[in-house]
Amino acid sequence: MSRKGVGLAAFDRSRLTSAQFASHGNSLRSNDAQALETQLSVFRSLLQQFAQTHAKDIRSNPSFRAQFARMCAAIGVDPLASSSAAGSGGGAGNSSMWAQLLGRSVNDFYFELAVRVVEVCGATRGENGGLIGVRELRERVVRGRMEGAPEITDDDVLRAVATLKPLGSSYSVIKVGNKPYIRSVPKELNTDQSAVLEAVQVLGYVSVSMLMVNLRWTRARAQTAVEDLLGEGMLWVDKQAPEWEYWSPGFMLDVDGTTGAGG
């Protein structure tokens, strides 16, 4: 009986010790969280001071603007966040960080750029099936801007597309190989379609036999992939060649533009 009592007492002490350790662990985690929140608050305050001091450079210099945005992301601040809340809440506390720190000019710059992105995507959808390279989109936007307008970079375009998230999955950035594209149709590319689009980047076109040799696909698989992309308008077909060639619309337009400029 005495042994049983000693065992129960030891068990109770062990349970009490475990509870004390758990309580101490919770206390440490709470203190760490408070310390981290304090540090982030300090960082945000310094970031605000930096933004106010260098507001002119952030507005006018695209490289500086991109670096500032990366600084924001490093401490979990989205400089374009809460834009939709600003429209619904109507208070200064809900406006985006760009608007609060830099005035309306930078904030409006991105939303106006987003409008132009939507316009270009809509105008070219018949040519490319809703898939346009970031560089090509930027060049089209630049061509339509007034002289003296702020310089636009690919990074600016990507940030502008991010502001379109409230529109759902219609506008998103995808990578085909190493090249970023803006997709403006709510359609997911399957693995085969992505592989074909990546192969097209090499020469500007592919054929069914090229896919069969280089990707070791069956004819049916290669034919299905190119026909799906052809149906979506993401490839154009040249039936004049001995074997039908499936071309990237963007590549063909680039060639036509270069030929026109040279002539």
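Predicted model: local features only at pLDDT ≥ 70, side-chain atom pairs only at ≥ 80, totals over all residues.
A residue counts as buried when its relative accessible area is under 20%, as exposed when that value is over 50%, and as partly exposed in between.

A salt bridge here is a side-chain nitrogen of Lys or Arg within 4 Å of a carboxyl oxygen of Asp or Glu. By this rule the structure has 6 salt bridges.

Arg116 and Glu119 form a salt bridge with an N to O distance of 2.5 Å. Both residues belong to helix H6, which covers residues 104–128, and they sit 3 residues apart, about one turn of the helix. Glu119 has a relative accessibility of 43%, so it is partly exposed. Arg116, at 23%, is also partly exposed.

The next pair joins two helices. The closest N and O atoms of Arg138 and Asp154 are 2.5 Å apart, and the two residues form a salt bridge. Arg138 is in helix H7 (residues 134–143) and Asp154 is in helix H8 (residues 154–162), so this pair ties together parts that are 16 residues apart in sequence. Asp154 has a relative accessible area of 30% and is therefore partly exposed.

Arg221 and Asp192 make another salt bridge, with their closest N and O atoms 2.8 Å apart. Because Arg221 lies in helix H11 (residues 219–231) and Asp192 in helix H9 (residues 191–203), the pair ties together parts that are 29 residues apart in sequence.

Conventions:
Residues numbered from 1 in each chain as written. Heavy atoms only, no water. Helix = DSSP H or I, 4+ residues; strand = E, 2+ residues; numbered from the N terminus. Buried < 20%, exposed > 50% of the residue type's maximum accessible area, 1.4 Å probe, protein only.
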